[in-house]
Each structure stands twice: as C-alpha cells, then as structure tokens.
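Please walk me through this structure in the viewer.

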Amino acid sequence: MRKLSGLERVLTAMRLEEPDVVPHFERVARRVIDGILPGASYEDLVEYLDLDGIRFIDRTQSWSYEMVDENKRIKRDQWGGLVRFTTEGDNPIPFEPAIKSEKDLDDYVLPDPDEEWRYDYLRQLVKRFKGERAIVVGVTDIFALGRENFLGDMGYFRGMVKNPDFIDRANEIMLSYQLRYVKNCIDVGADILWINGDWAMTEKPMVSREFTERFLAPPLRKLVEYAHSRGVPCIKHTDGNIWPIYDVILDTGIDGLHPIDPMAGMDIGEAKAKFGDRVCLCGNVSCAFSLVSGTVEEVRQETREVIRKAGKGGGLICMSSNSIHSGVKPENYLAMVKAIREFGQYPLSLD
C-alpha cells in the first residue's frame with residue numbers, strides 16, 4: 001500500500017477500513033510540548049512528530065471571555081456564566097451559570113456564531129495543513145454546555161425531572177448556536193468534528209438511560225446529521241462507564257467514539273468485539289497511569305496491546321485515554337508515538 005497522508009489515514013480508519021498504519025493525533029499540553037520541542041507551538045509539534053491530525057476545542061479558540069477578577073482568574077464566558085481559569089490555560093472551570101431561572105431564558109440573547117474572528121485560528125490551520133493532516137474541530141456537546149455553562153449542574157439535572165419543557169427550550173437555543181458554528185467551521189475547511197462532553201462518570205452514566213435518550217441523544221443526533229449532510233464525520237468524546245448506554249450513543253450516528261475509558265472499566269478489546277463494526281474506536285493508552293508514571297517500556301507495551309486488541313480490520317485511531325495533559329511525561333508521549341508507528345503497520349502481526 002502507498003503511504004497515505006495523515007488526513008487519508010484518519011478518514012480510512014473512520015470508515016472502518018485499514019489504512020497503511022494506525023493513525024494518531026492528540027491535544028498536547030504546553031508543558032509536554034516544551035519537554036519535547038522547547039518553545040515550539042502546538043502546530044510545530046504536530047509537524048515535528050508527523051501527527052495525522054490537529055485538534056482544538058471551541059472554548060479555547062472561538063469563545064469570547066470578559067475579565068471579571070484578574071487576581072482570581074475569573075472571567076465571564078460568552079454564554080454569560082462565570083468561569084475560573086486554571087494553570088492548564090484552556091480548561092476553565094465553570095462555577096456560576098448564565099441562566100438561573102426560566103425568566104432568564106425568556107430574555108436571553110445568544111452570542112453571535114457568525115463573527116469572523118471566531119474562525120481565525122481555524123483558517124490558520126487550513127492554510128498550513130489542509131489536505132495533509134486531519135483538521136479536527138471541537139464542538140461542545142449540548143449536555144455538557146447546558147450543565148457546565150448555561151444552566152449549571154443543578155439547574156439542568158433538576159429541570160430534566162421537574163420541567164422538561166424548559167430543558168427542551170434551553171437545548172434548542174444552545175443547538176441553534178452550535179449548528180451555525182458547525183456550518184461555519186465546515187465552510188472554512190474543517191475535516192472532522194470532535195463533539196466534546198462527558199455523559200458518564202467512572203461508575204455509571206450521569207443520568208438514566210431514559211433521560212439519556214430523552215435529553216442528551218437528540219441534540220447530538222442533529223449535530224451529526226448536519227455534519228453528515230456536509231460529508232463531515234463526527235467523533236464523540238465521553239469519559240466514564242458508558243456500557244449501559246453505548247448503543248444510545250452509537251444510534252446518534254457518530255463515526256468515532258473516544259476514549260473507551262480504561263479508568264471506568266472500558267476495555268478496548270471488549271469494545272471492539274461489541275461495537276467495533278459500527279464505530280471507529282479512539283483510545284485508550286492510559287493518561288492516568290502509564291503515560292504519567294509508567295516507564296517508557298511500559299508505555300510501549302500498553303500501546304502495542306491497544307493496537308493488538310482493537311486494530312485488526314481497521315477502525316482504530318490510537319490515542320491516550322483523554323489527552324496529553326500537563327502531568328504526562330514528555331518521554332512517555334514520545335514512546336507512545338513511536339510505538340504506534342512501530343506496531344501499527346498494516347497488515348498487523350501482533351497475535
């Protein structure tokens with residue numbers, strides 16, 4: 001087989017076919033980048049390591065923020081809620097939602113998804129990488145957006161029980177923004193959508209199967225259907241134990257599922273057997289254990305095992321079990337990338 005581009009490699013895996021080698025891309029923390037290529041940009045690291053794609057999240061590159069308390073690093077996000085920024089920089093912690101009552105929703109004015117500046121970073125990536133590497137654009141899942149920024153955990157969870165029509169209204173408002181955002185991203189040149197937001201905890205899903213089907217799945221399905229109408233595949237990220245609801249997630253039409261969380265008992269070999277014929281598996285080298293505290297050889301062997309369990313026949317993008325966060329050893333991430341290239345050559349011969 002001829003050598004494929006990173007974009008071709010990723011799209012082939014997402015069609016559940018075998019590319020030339022198991023594809024790989026990650027979001028990488030600043031500290032890890034500096035440990036591998038001091039002072040380089042994330043984009044430079046992607047090129048240096050020859051990663052197959054480049055990924056960013058909407059809240060980092062396309063959301064607006066207004067400073068509220070500089071000393072405490074508190075800002076008001078574009079939805080109207082308050083968030084506190086951490087040392088990670090791109091992962092603010094919500095602590096006060098935008099909507100506190102149904103009356104707030106009556107008067108609510110959405111941020112404008114058509115503002116040109118929101119797509120400046122994406123345009124840079126398209127100019128540099130289009131056609132060569134997969135440009136993977138993050139979109140916050142409606143459930144995550146609702147419970148973190150828009151209504152807050154208590155408002156969203158209470159509303160599902162006591163006022164489902166209110167949750168439907170809120171979902172539609174958030175979805176109207178996200179659909180326009182997705183349209184604009186695809187127009188600019190996005191190759192893949194990464195729909196980010198957890199539906200489960202380590203032990204079990206966050207809400208019942210009934211509520212998952214009623215409130216969580218329909219907005220996701222609409223995002224996926226629109227993306228598919230434009231020829232763009234979708235990866236859904238959710239940590240946690242999704243065994244009780246995995247079929248609900250797959251029925252939304254997603255093309256990829258990340259990260260098959262090992263911390264929650266999600267074995268990627270079992271996932272391959274149960275639903276690897278329906279969706280591309282994206283995962284799941286542990287960024288809680290081996291990538292953080294393991295040896296280079298332990299990372300190498302765990303990466304090999306992920307490929308052995310889930311790579312046969314294609315349909316695998318080998319990744320970490322969440323992201324390459326600041327606690328990951330730079331040498332361990334390098335070992336993972338090298339192991340993917342070493343063991344991921346098709347046809348696989350690992351058994």
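This is a predicted model: local features need pLDDT of at least 70, side-chain atom pairs count only at pLDDT 80 or more; totals for chains, interfaces and linings use all residues.

Select the strands of the open sheet: 7 of them, in the order β1-β6-β7-β8-β9-β10-β11. The pairing is parallel. Go to the edges next. They are β1 (53-56) and β11 (316-320), and each pairs on one side only.

Zoom in on β8 (residues 234-237) and β9 (residues 256-258). They pair in the parallel sense over 3 bridges. Pick Lys-236; its bridge partner in β9 is Leu-257.

**Helices on the sheet.** Select helix α1, residues 6-14. Helix α1 packs on the sheet and touches β6 (134-140), β7 (192-196), β8, β9, β10 (280-285) and β11. Its direction makes about 110° with that of β11. Now select helix α10, residues 209-229. Helix α10 lies across β7 and β8 and runs at about 170° to β7.

**The core.** Show the largest nonpolar core, with 99 residues. Those with the most contacts inside this core are Val-137, Phe-150, Leu-257, Phe-275, Leu-281 and Tyr-333. Helix α9 (residues 164-188) gives the most to this core: 11 residues. Another core lies apart from it, of 14 residues, among them Ala-13, Ala-134, Ile-317 and Met-319.

Centre on Phe-150. Which residues is Phe-150 in contact with, leaving aside its neighbours within four places in sequence? They are Trp-79, Pro-97, Ala-98, Ile-99, Leu-105, Tyr-108, Leu-145, Ala-170, Ile-173 and Met-174.

**Arg-59.** Select Arg-59 in helix α4, residues 58-61. Is Arg-59 buried or exposed? Its relative accessible area is 14%. The limit for buried is under 20%, so Arg-59 counts as buried.

**The cysteines.** Finish with Cys-280 and Cys-282. How many disulfides does a search of the whole structure find? The count is 0. The cysteine sulfur closest to that of Cys-280 is in Cys-282, at 4.3 Å. A disulfide needs the sulfur atoms within 2.5 Å, so this distance is too far for a bond. Cys-282 is likewise in no disulfide. Check the surface too: Cys-280 is buried, at 0% relative accessibility. Cys-282 is also buried, at 0%.

Note on methods. Residues are numbered from 1 along each chain as its sequence is written. Side-chain values use heavy atoms; hydrogens and water are left out. A nonpolar core is a set of buried Ala, Val, Leu, Ile, Met, Phe, Trp, Tyr and Cys residues joined through side-chain atoms within 4.5 Å. Buried means under 20% relative accessible area, exposed over 50%, partly exposed in between (1.4 Å probe, protein chains only). Helices (H or I, at least four residues) and strands (E, at least two) are DSSP runs, numbered from the N terminus. Contact means heavy atoms within 4.5 Å. Two strands pair if DSSP finds at least two bridges between them. Axes are lines fitted to C-alpha atoms, for helices over the stretch in contact, and angles run from 0 to 180 degrees between N-to-C directions.
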